[in-house]
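This briefing concerns one protein model, its division into domains and its charged side-chain pairs. Please consult the sequence and the structure shown here alongside the text.

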Amino acid sequence: MILFKKAAAFSSYIQCVHHAQNSTGFVPTMGALHQGHLSLIAAAKEQNPVAIASIFVNPTQFNNKSDFEKYPITIERDIELLEAAGCNALFLPNVAEIYPEGTAQTRHYHLNFLETVFEGKYRPGHFQGVCNVMHRLLSIIPATHLYMGQKDYQQCMVVKRLLSLINSATVLHTCPTLREADGLAMSSRNMRLNETERHNAVAISKALFSMKEQLNKMPIPALINQATQLLLQHHFKIDYIEITDATTLQPVTNHNGQQQLVALIAAFQNDVRLIDNLVLN
Ligand code: AMP
């Protein structure tokens, strides 16, 4: 695996790869890698001769300073994991490389409704930060294919919109969420959970799978109420539990059997914020 720290060097490299008519698969990450990330590398490798990863903890997408400061960093292990996974190139920039004019000089993207709900509502500015970093990364790494996780459901929708706003030719692939054996969605933030919090955390996936199982047996508000009770019993502080239309994210209270639905949850175990989602039908 070739490691690049400079944008200019990476740009030259990817130009050579594309010049040789090889397609590229790109997996952007913030590091502290787990099997979920590696499943994206596997998808990129399966569909392209050249798989690329980036590791960059993007300051502009953290609306909470302490969440940014406590974000786990395991760079040496990450490099070993990427190498073992057969990743061909890693982009590991510093902040100045991504934001040459400083992090205060960011662009604004018209995300409209997408930015007013769920992660957009509870993490003001988060998706603007995501768009800024993704736009810059894609300008350095204009990969043929981009692989992102359904774990961040709304983020995939935002990046899809960004690709269209910037007329990018990169094709987005949304890949399934990898889970621990007990159902907890893999996440870098899981490293921050103590034993009790880790035990409680599984209630999120239990709530999601229970909503899926009981979708046609109960009205939607009752499903949400039941999921809320389960989370409260497990000492969660809830940002949101909602069932929405899977393509528009508009809330649904009355299921007509036709619409595809997604259940979305964000909740805190003490100061660790976890998110997860499940397509219900
Ligand atoms: P992050 O490092 O958290 O920014 O995540 C980098 C990419 O990995 C994003 O596209 C995430 O959606 C994806 N990802 C995170 N967790 C998982 C998971 N459990 N399964 C699949 N993809 C994931």
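The model is predicted: local features need pLDDT of at least 70, side-chain atom pairs count only at pLDDT 80 or more, and totals for chains, interfaces and linings use all residues. Residues are numbered from 1 along each chain as its sequence is written, and side-chain values use heavy atoms, with hydrogens and water left out. The protein is assigned domain 1 (2-175) and domain 2 (188-279), and a search of the whole structure finds eleven salt bridges.

**Domains and their interface**

- The bounds of domain 1 (2-175) and domain 2 (188-279) come from an automatic or database domain assignment.
- Taken over C-alpha atoms, the centres of domain 1 and domain 2 are separated by 26 Å.
- In domain 1, 24 residues are in contact with 21 residues of domain 2, where contact means heavy atoms within 4.5 Å.
- The size of an interface is often given as the accessible area lost when the parts come together.
- Between them, domain 1 and domain 2 bury about 2000 Å², 56% of it on carbon and sulfur atoms; buried area is the accessible area (1.4 Å probe) that two parts lose on being put together, summed over both.
- Of the area that domain 1 buries against domain 2, 32% is supplied by Phe118, Tyr122 and Tyr153, more than by any other three residues.

**Polar and charged links across the interface**

- Four salt bridges are found across the interface of domain 1 and domain 2, a salt bridge being a side-chain nitrogen of Lys or Arg within 4 Å of a carboxyl oxygen of Asp or Glu.
- Glu119 and Arg273 form a salt bridge in which the closest N and O atoms are 2.8 Å apart.
- Eleven residue pairs are in polar contact between domain 1 and domain 2, both residues being at pLDDT 80 or more.
- A polar contact is a pair of N or O atoms within 3.5 Å; within protein, one must be able to donate a hydrogen and the other to accept it, and residues adjacent in sequence count only if both atoms are side-chain atoms.
- On the side of domain 1 that touches domain 2, α6 (119-122) and α8 (153-165) each supply at least two residues; helices (H or I, at least four residues) and strands (E, at least two) are DSSP runs, numbered from the N terminus.
- The largest share of that side of domain 1, three residues, comes from α8.
- The residues of the side of domain 1 that touches domain 2 divide into twelve nonpolar, six polar and six charged, with Ala, Val, Leu, Ile, Met, Phe, Trp, Tyr, Cys and Pro counted as nonpolar, Asp, Glu, Lys and Arg as charged, and the others, Gly among them, as polar.

**Further salt bridges**

- Side chains of opposite charge can pair when their charged atoms come close.
- The side chains of Arg179 and Asp276 meet in a salt bridge at 2.8 Å, N to O.
- Arg179 lies in the loop between β6 and α9 and Asp276 in strand β9 (residues 272-279), so this pair ties together parts 97 residues apart in sequence.
- Asp276 counts as buried at 4% relative accessibility, where buried means under 20% relative accessible area, exposed over 50%, and partly exposed in between (1.4 Å probe, protein chains only).
- Arg198 and Asp182 meet through their side chains in a salt bridge of 3.0 Å, N to O.
- Arg198 is in helix α9 and Asp182 in the loop between β6 and α9, so the pair ties together parts 16 residues apart in sequence.
- Arg198 is partly exposed at 25% relative accessibility, and Asp182 is partly exposed at 37%.
- Salt bridges that share partners join Asp67, Lys70, Arg123, Arg189, Arg192 and Asp271 into one network.

**Arg189 and its partner**

- Arg189 forms a salt bridge with Asp67, with the closest N and O atoms 2.9 Å apart.
- The pair links distant parts of the chain, 122 residues apart: Arg189 is in the loop between β6 (171-175) and α9 (195-201), and Asp67 is in helix α3 (residues 65-69).
- Arg189 counts as buried at 13% relative accessibility, and Asp67 counts as buried at 12%.
- Not counting residues up to four places away in sequence, Arg189 touches Phe62, Asp67, Tyr71, Arg123, Val272, Arg273 and Leu274.

**Ile141**

- Ile141 lies in the loop between α7 (126-140) and β5 (145-149) and is buried, with a relative accessible area of 0%.
- Ile141 and Ser11 are 130 residues apart in sequence and 6.5 Å apart in space, C-alpha to C-alpha.
- Leaving aside neighbours within four places in sequence, Ile141 is in contact with Phe10, Ile14, Phe26, Ile52 and Phe91.
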